[in-house]
Amino acid sequence: MARKTKSEAQETRMSILDAAEILFQRRGVSRTSLQDIAQQAQVTRGAIYWHFKDKAELFNAMMERTTMPLEQGIVASSVIAENAPLEQIRWGLLNAFHSTVHNERTRRVFEIAMHRVEYVEELLAVRDRHLAVRNHGLAELERGLKLAITLGQLPPTVRTRMAALALLSLVDGLIQNWILDPTAFDLMEIGQGTVEAFLNSLQATGQTALLPPLSEAARAALGSAPVCMAVKSAAIP
């Protein structure tokens, strides 16, 4: 490896990451060894260790290579004014949906991150990175909501931390469900409608609540019913 030019070394690195993407999606991260990746990339195991100290570092490099839908926070579009934080939030989240639908690599890596990784043993560092990314996105959303309050676009009664967490979870859940079955719904259409409905609902904060407070009897009954009903499948005996 030491004799290779910088461009050759970079090409080898990209080949390793390409191989990792393919195998992680096909087998899952835990069931894919570095030797498997070396064989897929047609390099030696030593070549992998020259670029990455372990599987977690390789996984994180694979994630960083792709612009993940929610990793860059709420990126302001050049066509949106700085004094329009709610529009910036909407644009950033729609951009996340668009990247998921139209960018094959983004979709593949997102599927791996959501459905093909277990946070065990050597992959605990991957969990730390996932949490850091989540916290960054959460902070960016809350910052935008606070700015909207400062500008008078949202009432001061909005609980920005709660709203940011709910919105992030909503978007994350839509993307996860779409990746499970892309034919189930139009992510762009449903995503935009849901995000806009959520942001518009914040303007009503402080008005008469549509729901009464949860009664003590209802709260005490929580947990008495199954969370998921049994589903019978004709394909599974």
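**Reading helices, cores and contacts**

Q: What covers the buried residues of H5?

A: The cover includes four other helices: H6 (104-115), H7 (124-150), H8 (160-180) and H9 (187-202). Keep in mind that this is a predicted model.

Q: Which residues of H5 are buried?

A: Start with the general idea. An α-helix makes a turn every 3.6 residues, so residues three or four places apart point the same way. In H5 the buried residues are Pro-85, Leu-86, Gln-88, Ile-89, Gly-92, Leu-93, Leu-94, Ala-96, Phe-97, Ser-99 and Thr-100.

Q: What span does H5 reach from its first C-alpha to its last?

A: H5 covers residues 85-102, which is 18 residues, and reaches 25 Å. That is close to the 26 Å expected at 1.5 Å a residue.

Q: How many helices and strands does the protein chain have?

A: The count is 10 helices and 0 strands. Read from the N terminus, the order of elements is α-α-α-α-α-α-α-α-α-α.

Q: What share of the contacts between residues at least 6 apart in sequence joins residues at least 24 apart?

A: In this protein chain the share is 70%. As for burial, 38% of the 237 residues are buried. The chain exposes about 14,400 Å², and carbon and sulfur atoms supply 53% of that area.

Q: Which residues touch the most other members of the largest nonpolar core?

A: They are Ile-89, Phe-97, Leu-145, Leu-167, Ile-175, Leu-199 and Leu-202, in a core of 27 residues. H5, H6, H7, H8 and H9 each supply at least two residues of this core. H8 gives the most, with 9 residues. Apart from this core lies another, of 25 residues, among them Phe-24, Leu-58, Met-63 and Ile-112.

Q: What does Phe-97 touch, not counting residues up to four places away in sequence?

A: Phe-97 touches Val-171, Leu-174, Ile-175, Leu-187, Met-188, Gly-191, Gln-192 and Val-195.

Q: How many aromatic pairs does a search of the whole structure find?

A: The search finds 1 aromatic pair. The ring centres of Phe-24 and Phe-59 are 6.0 Å apart and the planes are at 45 degrees, so the pair is tilted. Phe-24 lies in helix H1 (residues 6-27) and Phe-59 in helix H4 (residues 55-65), so the pair ties together parts 35 residues apart in sequence. Both phenylalanines, Phe-24 and Phe-59, are buried.

Q: Is Glu-21 buried or exposed?

A: The test is a cut-off: a residue under 20% relative accessible area counts as buried. Glu-21 has 1%, so Glu-21 is buried. Glu-21 sits in helix H1, and its side chain makes a polar contact of 3.2 Å with the side chain of Arg-105. Leaving aside neighbours within four places in sequence, Glu-21 is in contact with residues including Met-62, Arg-65, Arg-108 and Ile-112.

Q: Where is the place of Thr-32?

A: Thr-32 is in the loop between H1 and helix H2 (34-41). With a relative accessible area of 0%, Thr-32 is buried. A polar atom of the Thr-32 side chain lies 3.4 Å from the backbone oxygen of Leu-23.

Q: How far apart are Thr-32 and Lys-55 in sequence and in space?

A: Thr-32 and Lys-55 are 23 residues apart in sequence and 9.3 Å apart in space, C-alpha to C-alpha. Lys-55 is one of the residues that Thr-32 touches.

Technical notes: Residues numbered from 1 in each chain as written. Predicted model: local features only at pLDDT ≥ 70, side-chain atom pairs only at ≥ 80, totals over all residues. Heavy atoms only, no water. Expected span 1.5 Å × (residues − 1). Buried < 20%, exposed > 50% of the residue type's maximum accessible area, 1.4 Å probe, protein only. Contact = heavy atoms within 4.5 Å. Areas by Shrake-Rupley, 256 points an atom, 1.4 Å probe, with all protein chains shown as cover. Phe/Tyr/Trp six-rings, centres within 6.5 Å; stacked < 30°, edge-to-face > 60°. Core = buried A, V, L, I, M, F, W, Y, C linked by side-chain atoms within 4.5 Å. Polar contact = N/O pair within 3.5 Å; in protein donor to acceptor, adjacent residues only side chain to side chain.
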